[in-house]
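My entries follow in the order I made them.

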Amino acid sequence: PYGSKPYFTKDYRDATAAAGYRLWDWNLDTVDWKYKGDTDGLLKKIKEDVRKLKRQGTAPVVLLHDRKTTISALPRILETLEAEGYAFLRIEDSMEPLNFWQDHR
């Protein structure tokens, strides 16, 4: 919960890295938990936020929760992002992790 900040301290990050794990957070919080039944509102917010990141030259890493509204909207979210030219990739070891600490190990 809440991503890596503030509770994932340097000691935890060091231990995680030593165990071979990499820390990932997100750069687009959909706040999908606020959209109780409003799939259109959720989709609109995601589109706006993704376009804002695109203008900044930043690839989105999107936070979604397993909420009823999110699950209902997910096919439309995926279709919309695909139409915008995005692909959905598995995180690979060769990728630089995105996290709130800027810890790129």
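Entry 1, terms. A cavity is a set of grid points where a 1.4 Å probe fits but cannot get out, and its volume is the space filled by probe spheres set on those points. I also noted that this is a predicted model.

I looked up how many cavities of 30 Å³ or more the structure holds. I found one. The largest cavity has a volume of about 50 Å³. I listed its lining as Arg13, Thr16, Ala17, Tyr21, Arg22, Leu23, Asp103 and Arg105.

Next I turned to the open spaces. The largest pocket holds about 650 Å³ of space. Its lining is made of 22 residues. Those nearest the centre of the pocket are Pro60, Val61, Val62, Ala87 and Leu89.

I followed H3 next, which runs over residues 68-83. I checked its length against its residue count. With 16 residues at 1.5 Å a residue, H3 should span 22 Å, and its end C-alpha atoms are 24 Å apart, which agrees. I also looked for a bend. H3 bends by about 45° at Leu74, and the proline Pro75 follows within four residues. Just after the helix, I noted that Gly85 has a positive phi of about 100°.

I wrote down the buried residues of H3: Thr69, Thr70, Ala73, Ile77, Thr80 and Leu81. The spacing in this list called for a rule. An α-helix has 3.6 residues a turn, so residues three or four places apart point the same way. I also looked up what covers the buried residues of H3, and helix H2, residues 39-55, is included.

Is Thr80 buried or exposed? Buried means under 20% relative accessible area. Thr80 has 18%, so I put it down as buried. I then checked where its side chain goes. The side chain of Thr80 reaches the backbone oxygen of Arg76 at 2.8 Å. Last, I set aside the neighbours within four places in sequence and asked what else Thr80 is in contact with. I found Leu43 and Lys47.

Key: Residues are numbered from 1 along each chain as its sequence is written. This is a predicted model: local features need pLDDT of at least 70, side-chain atom pairs count only at pLDDT 80 or more; totals for chains, interfaces and linings use all residues. Side-chain values use heavy atoms; hydrogens and water are left out. Helices (H or I, at least four residues) and strands (E, at least two) are DSSP runs, numbered from the N terminus. Buried means under 20% relative accessible area, exposed over 50%, partly exposed in between (1.4 Å probe, protein chains only). A polar contact is a pair of N or O atoms within 3.5 Å; within protein, one must be able to donate a hydrogen and the other to accept it, and residues adjacent in sequence count only if both atoms are side-chain atoms. Contact means heavy atoms within 4.5 Å. The expected span of a helix is 1.5 Å times one less than its number of residues. The bend at a residue is the angle between axes fitted to the seven residues ending there and the seven starting there. On a 1 Å grid over the protein atoms alone, a cavity is a set of points where a 1.4 Å probe fits but cannot get out, and a pocket is an open set with protein on both sides within 12 Å along at least five of seven lines; lining residues have an atom within 4 Å of a point.
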